[in-house]
Amino acid sequence: DLVDADGHVIEHQRHLLSLKDMCRIDYLEQLADAGVVSFKIEGRLKDVDYVKNVVAAYSQRLDEMIHRRSTEYQRASLGKVSYSFTPCLAKTFNRGFTDYFLHSTVDEKGRLQGRRTDIASFDTPKALGEYVGKVKETHRSYFIVAGVASFSNGDGLCFFDGHTELVGFRGNRVEGNHLFPLKMPLGLQSGMALYRNKDVAFEKLMNGETAQRKISIRMALREVADGF
């Protein structure tokens, strides 16, 4: 709870120190132009799927920049990496994304200008995952999702109930946009936003070989007395 000096409750039962994840994938070129020569990917307490997905996403963005500006930039390592999947940052662990104060400025008195208001996830410190649509209809044993996302048996889904509490459950069976949980979650209503924080189909892709790096070589052959 956030309470002022007079005891008035300003915020009740919210996660006031739950920051979103810093994501600057859209600013790699600006950072490179500013002199950055190396980018660190957060990997502490993250699983293999997260590392594969995030590294691939950033690496492809850097490849695009280098392709356009090959006279100014080049890779520090040799070879070219090909991926067997399309990286998507929303599909692995995240608490929502923000670039924090990347574009803020400081005035003549040293005060920060242009503070961002979207840097925290006050409703939950847990991973929401990707937005997959809204609940269209609810029935006794299933519900219907309005959206374009495809679902798989076993997907992990979640929503905020009427008390702004995050409720998670598994999709036990899927038939198109009709989802059948093992037990219908309490509080699920039409119009609520639905998120997926465990994507079974994407995890299956991650389980196999997802990347391959090839290094080009030059071979010069010449004839000698006993062959080449």
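Biologist: Let me begin with one side chain: is F159 buried or exposed?

Modeller: F159 is buried, with a relative accessible area of 0%. This is a predicted model, and buried here means under 20% relative accessible area.

Biologist: And F169, is that residue buried or exposed?

Modeller: F169 has a relative accessibility of 11%, so it also counts as buried.

Biologist: How much confidence does the chain carry, and where is that confidence lowest and highest?

Modeller: Where pLDDT is low, the predicted coordinates should not be read in detail. For this protein chain the mean pLDDT is 92, and 100% of the residues reach 70 or more. Strand β7 (residues 112–113) has the lowest confidence, with a mean of 78. The highest, 97, belongs to strand β9 (residues 143–146).

Biologist: How should I read contacts between aromatic rings, and how many pairs are there?

Modeller: Two aromatic rings are described by the distance of the centres and the angle of the planes. Across the whole structure, the search finds 6 aromatic pairs. One of them joins Y131 and Y195, whose centres are 5.9 Å apart and whose planes make an angle of 65°, an edge-to-face arrangement.

Biologist: Which parts of the chain does the pair of Y131 and Y195 tie together?

Modeller: Y131 belongs to strand β8 (residues 130–138) and Y195 to strand β13 (residues 193–198), so their pair links parts that are 64 residues apart in sequence. Y131 is partly exposed, at 46% relative accessibility, whereas Y195 is buried at 19%.

Biologist: Back to F159 and F169: what are the distance and angle of their rings?

Modeller: The ring centres of F159 and F169 are 6.2 Å apart and the planes stand at 65°, so this pair is edge-to-face. F159 is in strand β10 (residues 156–160) and F169 in strand β11 (residues 166–175), so the pair ties together parts 10 residues apart in sequence.

Biologist: Which residues form an aromatic cluster?

Modeller: Y83, F85 and F202 form one such cluster.

Biologist: Which rings have a charged end over them?

Modeller: Look at the distance from the charged end to the ring centre. The charged end of R173 is over the ring of F180, at 4.0 Å from the centre. K46 places its charged end over the ring of Y50, at 5.3 Å from the centre.

Biologist: Y50 leads me to the largest pocket. How much space lies in it, and which residues are closest to its centre?

Modeller: Rolling a probe the size of a water molecule over the atoms shows where empty space is left. The largest pocket holds about 690 Å³ of space. Its lining has 23 residues, and M22, K40, I41, E42 and Y50 are the closest to the centre.

Biologist: Which elements supply the lining of the largest pocket, and what classes of residue does it have?

Modeller: β3 (21–22), α1 (28–33) and α2 (48–68) each supply at least two lining residues. The largest share, 3 residues, comes from α2. By class, the lining has 14 nonpolar, 7 charged and 2 polar residues.

Biologist: What is the phi of Y100, and of T164?

Modeller: Most residues other than glycine have a negative phi. Y100 has a positive phi, near 50°. Y100 sits in the loop between β5 (97–98) and β6 (105–106) and is buried at 17% relative accessible area. T164 is not a glycine either, and its phi is positive at about 60°. T164 lies in the loop between β10 and β11 and is partly exposed, with a relative accessible area of 38%.

Definitions and conventions:
Residues are numbered from 1 along each chain as its sequence is written. This is a predicted model: local features need pLDDT of at least 70, side-chain atom pairs count only at pLDDT 80 or more; totals for chains, interfaces and linings use all residues. Side-chain values use heavy atoms; hydrogens and water are left out. On a 1 Å grid over the protein atoms alone, a cavity is a set of points where a 1.4 Å probe fits but cannot get out, and a pocket is an open set with protein on both sides within 12 Å along at least five of seven lines; lining residues have an atom within 4 Å of a point. Grid points are joined across faces, edges and corners, and a volume is the space filled by probe spheres set on the points. Helices (H or I, at least four residues) and strands (E, at least two) are DSSP runs, numbered from the N terminus. Ala, Val, Leu, Ile, Met, Phe, Trp, Tyr, Cys and Pro count as nonpolar, Asp, Glu, Lys and Arg as charged, and the others, Gly among them, as polar. pLDDT is the predictor's confidence in each residue, from 0 to 100. Rings of Phe, Tyr and Trp (its six-membered ring) pair if their centres lie within 6.5 Å; planes under 30 degrees apart count as stacked, over 60 as edge-to-face and the rest as tilted. Buried means under 20% relative accessible area, exposed over 50%, partly exposed in between (1.4 Å probe, protein chains only). A charge sits over a ring if NZ of Lys or CZ of Arg is within 6 Å of the ring centre and within 35 degrees of the ring normal.
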